[in-house]
Amino acid sequence: MKIIKFLKEEKSHIIALLMMPIMAAIVLGLVAGKPFVENIPFGIVDNDNSTLSRTIVQQLKLHPGLNVNYYSESEAELEQAIIEKKVSGGIVIPKNFAKDARLMKSPRVLIFADNTNLMVGGNVVAYCSTVLGTLNASAQISVFEGKNMLPSVTKSTISSFSYVDRILYDPQSSYIRNLGYAVIPFAAQLAFITQFVIPLLIEKKKEFYFIKIRSKEGAAAVFDIVARVLFISTVGVISTFIALCIQGKFFGIPLRGNILIYIGLMYLFFINLTAISLFCAAIVDNVGHFLLFFNMVNLVIIMTAGISYPNFVMPSELVKAVKCIWPFAHAAVPLKYLNLKGVGLEVLLPYIKNGLLYTAFWFPVGIAAYSARIFIKKRTNNTLHPKEDFNNELPGAKEDLEFQLN
């Protein structure tokens, strides 16, 4: 019966912590699930109108990443079209381009890319470079062979050396693999902090004002907090794992890590969130006030975590300060390394150590601050109680005096 009552009381928190990471995973997958940015609006300015220039235009039209839908007569028109958002990139082929190429004058093609969106701008340049690089090699071979050079000699002439690139873990440089591992614990953190642990600790703090912590009633209240936190933390571990599995199944996110390490990381994360929440609940009496503060620092938390933006390019003191104050980076970064790279405990040990140090510091500080706030409030109440008792006892004393007089 107690378990059923407990589940009924925590029903809304269970639903929130189950749904938020899963919904975050699904929404991110639907928005950023495609590994490549395709059909980018693209413009052409062909001032040469030669066989070579038409071949370049044709190859650009065949590329799946580009949607050649705009033709103009000048560079200025193309630039204006980019400003007006008609296209996101374009190419300008100068006059006498083919002639200069045959004479080995190294003519230049101008590529425009709208970099107001990094993914779009970067892909425009990459797609154009791929097409032009392939055609450039082909054009050089044709020029050399036209001068009676043997094909084998031609090949060795234009490629004195070659290289092969190997991009590990995220060859498409996609948004989802970059952010997916951070969004899930971030959503779980949001639900755990705002919907459950801060409201719980503020409510229990008010109960502790009127009971002794060392009494049987106080011990029961402490046990109730611990039991609820452990239960909701377990729900959070399960929900984040389900969210990761959804991303892996439907959106191709790798899940290479050891599940036991994952469970340990996430439990440590929820313990750390509880530790800092004790400190916050000691200071704040209104959940709404805490939500205002938390919403303010959300962006700072995710930007300094080292997921989307590397820590080594940021001020080191800022990164250290954020990591000392909030535990998100101690979970999000190792979670990404665990699942994307499949690393073992030896690589993750420094992150786990930092998480444990965070717990070792903030749990005693949080408990001390929480207890101190309760003690101060009790002392204030005890100072006021004699007056309240006198006022309460005064009507009874007055009745006794009237009885004696009669």
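Where do Asp224 and Arg228 lie, and how many residues apart? I looked, and both sit in helix H9, four residues apart, about one turn of the helix. I took helices (H or I, at least four residues) and strands (E, at least two) as DSSP runs, numbered from the N terminus.

**Ground rules.** I am working with a predicted model, where local features need pLDDT of at least 70, side-chain atom pairs count only at pLDDT 80 or more, and totals for chains, interfaces and linings use all residues. Residues are numbered from 1 along each chain as its sequence is written, and side-chain values use heavy atoms, with hydrogens and water left out.

**Overview.** I found 14 helices and four strands in the protein chain. Of its 406 residues, 39% are buried; buried means under 20% relative accessible area, exposed over 50%, and partly exposed in between (1.4 Å probe, protein chains only). The chain exposes about 23700 Å², with carbon and sulfur atoms supplying 63% of it.

**Salt bridges.** I looked up salt bridges (a side-chain nitrogen of Lys or Arg within 4 Å of a carboxyl oxygen of Asp or Glu), and the structure holds nine. Asp224 and Arg228 form one, with the closest N and O atoms 2.7 Å apart, and both residues are buried. Arg228 also pairs with Glu10, at 2.3 Å between the closest N and O atoms. Glu10 lies in the loop between helix H1 (2-9) and H2 and Arg228 in helix H9, so this pair ties together parts that are 218 residues apart in sequence. I noted a relative accessibility of 2% for Glu10 and 10% for Arg228. Both belong to a salt-bridge network that links Glu9, Glu10, Lys204, Glu207, Asp224 and Arg228.

I then turned to Asp285 and Lys205, whose side chains meet in a salt bridge (2.5 Å, N to O). This pair links distant parts of the chain, with Asp285 in the loop between H10 and H11 and Lys205 in helix H8, 80 residues apart.

**Cores.** Next came nonpolar cores, sets of buried Ala, Val, Leu, Ile, Met, Phe, Trp, Tyr and Cys residues joined through side-chain atoms within 4.5 Å. The largest has 70 residues, and Tyr370 is among those with the most contacts inside it. H8 gives the largest share of this core, 16 residues. For contacts I used heavy atoms within 4.5 Å. Leaving aside neighbours within four places in sequence, the partners of Tyr370 include Leu201, Lys205 and Phe208. I also found a second, separate core of 18 residues, which includes Phe42 and Leu132.

**Surface.** I checked Ile15, which lies in helix H2 and is partly exposed at 47%. Together with Met19, Met23, Val27, Leu30 and Val31, Ile15 makes a nonpolar surface patch of about 610 Å². Patch residues have over 30% relative accessible area and no salt bridge; like charges are joined within 9 Å, nonpolar side chains (Val, Leu, Ile, Met, Phe, Trp, Tyr) within 5 Å.

**Cysteines.** How many disulfides are there? I counted zero, taking a disulfide as a pair of cysteine sulfur atoms within 2.5 Å. Cys128 is buried at 0%, while Cys245 is partly exposed at 30%.

Key: Areas by Shrake-Rupley, 256 points an atom, 1.4 Å probe, with all protein chains shown as cover.
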